[in-house]
Amino acid sequence: MTPPAVQPTRTARPRARGSAHEVRNGAPTPSSSEPSSYQRLREHLAYLQMTAAAEHLAAELDRALKEKLSATQVLEQLLAIEVAATRERRQRGRLRFARYPVHKTLAEFDLDFQPGIDRKVVAELSTLRFVEERRNVILLGPPGVGKSHLAIALGIAATDAGYRTYFTAASDMVAALQAAHLEGTAAYKLRTYLSPSVLVIDELGYLPLDQASANWIFQVVSRRYEKGSIVLTSNRGFGDWNQVFADPVVASAIIDRLLHSATVLNIRGASYRMRDYVDQQKLKGGSAMVG
Ligand code: ADP
Ligand code: MG
């Protein structure tokens, strides 16, 4: 004999209307000196520093009444507002921390101006898989071709995606590490360059580096090796790096680790800074022919 099926008993749950009878059009009822649920809720939100949720509380409760939303829907909406605000705040914090000298985006980069750059490579880089796979990006080329622009844009894209990133000129990094070394705080300073997921090192090779400087670059590159990405720009091809670094052994050790897993963009086009000048020259040539 099969036992009779057990009917689930419906326990009467109190309806989620707690806020509804205490809040009219978002305003708490001033009926008693006891703090209302609404006031306590506001206090909780303030204590938890959920400012965005606190700001939207009245309006969201109002909306809940009008649209007959469930408690779950109201809570979800309120937390979604707080999550969005927190995400934005953290993003701004990461950007401040990263110290980009200017704000550049991949969208602002005119690929038509630089037809030598393989669009597929830029598209692949913009997926940020290189960050996930801890690969490096090396941007080489003469001044003005957009190396720093692309490096900063990749760094900012990674920052927007939630990665910690940091920008430094190569010479600033070397100077900071050297100064920290003299103060006995090099190990601590190194963390600035080792802990972010992406380290953008701009302008390596503009000035020749002495032995100590080359060693600092080697420290950073070798210790980030397969742990985090480096996006590096240089106006010197790898063939010239022996002249950049005082010690050719250190130079080849740095190149070896940088290139082990890297995307290299060799930009050979014209300087973007000079484009107006070039346009003017063309215009002058054109009018000369007309005249
Ligand atoms: P590099 O680092 O190679 O010397 P930059 O990245 O500093 O060159 O570029 C110089 C200026 O020209 C920057 O303001 C940059 O935003 C702009 N620029 C360079 N190339 C492009 C491009 N293809 N599209 C849009 N802006 C560019
Ligand atoms: Mg540059």
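1. Start with the contacts. Among contacts in the chain with a separation of 6 or more, 77% join residues 24 or more positions apart. The model is a predicted one. The chain has 291 residues, and 29% of them count as buried. Its secondary structure comes to twelve helices and seven strands.

2. The shell around ligand 1 holds 17 residues. Which of them come nearest? They are D110, G146, S148, H149 and Y272. Helix α6, residues 147–160, gives the largest share of the shell, with three residues. By class, the shell around ligand 1 has five nonpolar, seven polar and five charged residues.

3. Q114 sits in the loop between α3 and α4, the latter spanning 119–126. Is Q114 buried or exposed? Q114 counts as buried, because it has 20 C-beta neighbours inside 10 Å, and the cut-off for buried is 20 or more.

4. The partners of Q114 deserve a look. Neighbours within four places in sequence are left aside here. Q114 is then in contact with V145, G146, I267 and G269. One of these, G146, is also listed among the residues that come nearest to ligand 1. S271 is 157 residues from Q114 along the chain.

5. Helix pair α2 and α3. Helix α2 covers residues 51–67, and helix α3 covers residues 71–98. Their axes come within 10 Å and cross at roughly 150°. Angles over 145 degrees count as roughly antiparallel, and α2 and α3 are therefore roughly antiparallel to each other. The crossing of α2 and α3 is right-handed.

6. Who makes that contact? On the α2 side, the residues are A52, A53, H56, L57, E60, L61 and A64. On the α3 side, they are V74, Q77, L78, L79, I81, E82 and A85. The contact of α2 with α3 has ten nonpolar, two polar and two charged residues.

7. Helix pair α7 and α8. Helix α7 runs over residues 170–183, and helix α8 over residues 186–194. The two axes come within 8 Å. How are α7 and α8 oriented to each other? They cross at roughly 155°, and are therefore roughly antiparallel. The crossing of α7 and α8 is right-handed.

8. The residues behind that pairing. From α7 come M173, A176, L177, A180 and H181. From α8 come A186, Y188, K189, L190 and Y193. Sorted by class, the contact of α7 with α8 has eight nonpolar residues, one polar and one charged.

9. Helix pair α3 and α6. The axes of α3 and α6 come within 9 Å and cross at roughly 145°. The crossing of α3 and α6 is right-handed. Helix α3 contributes Q91, R94, L95 and A98 to the contact. Helix α6 contributes G155, T159 and D160. What is the make-up of the contact of α3 with α6 by class? It has two nonpolar, three polar and two charged residues.

10. Helix α3 is in contact with α2 through residues including V74 and L78, and with α6 through residues including Q91 and L95. Helix α6 also supplies the largest share of the shell around ligand 1.

Methods
Residues numbered from 1 in each chain as written. Chains lettered and ligands numbered in written order. Predicted model: local features only at pLDDT ≥ 70, side-chain atom pairs only at ≥ 80, totals over all residues. Near = placed C-beta within 6 Å. Helix = DSSP H or I, 4+ residues; strand = E, 2+ residues; numbered from the N terminus. Nonpolar A, V, L, I, M, F, W, Y, C, P; charged D, E, K, R; others polar. Axes fitted to C-alpha atoms, helices over the stretch in contact; angles between N-to-C directions. Parallel < 35°, antiparallel > 145°, perpendicular 65-115°, else oblique. Left-handed = near helix turned anticlockwise from the far one by under 90°. Contact = placed C-beta atoms within 7 Å. Buried ≥ 20, exposed ≤ 12 C-beta atoms within 10 Å, placed from the backbone.
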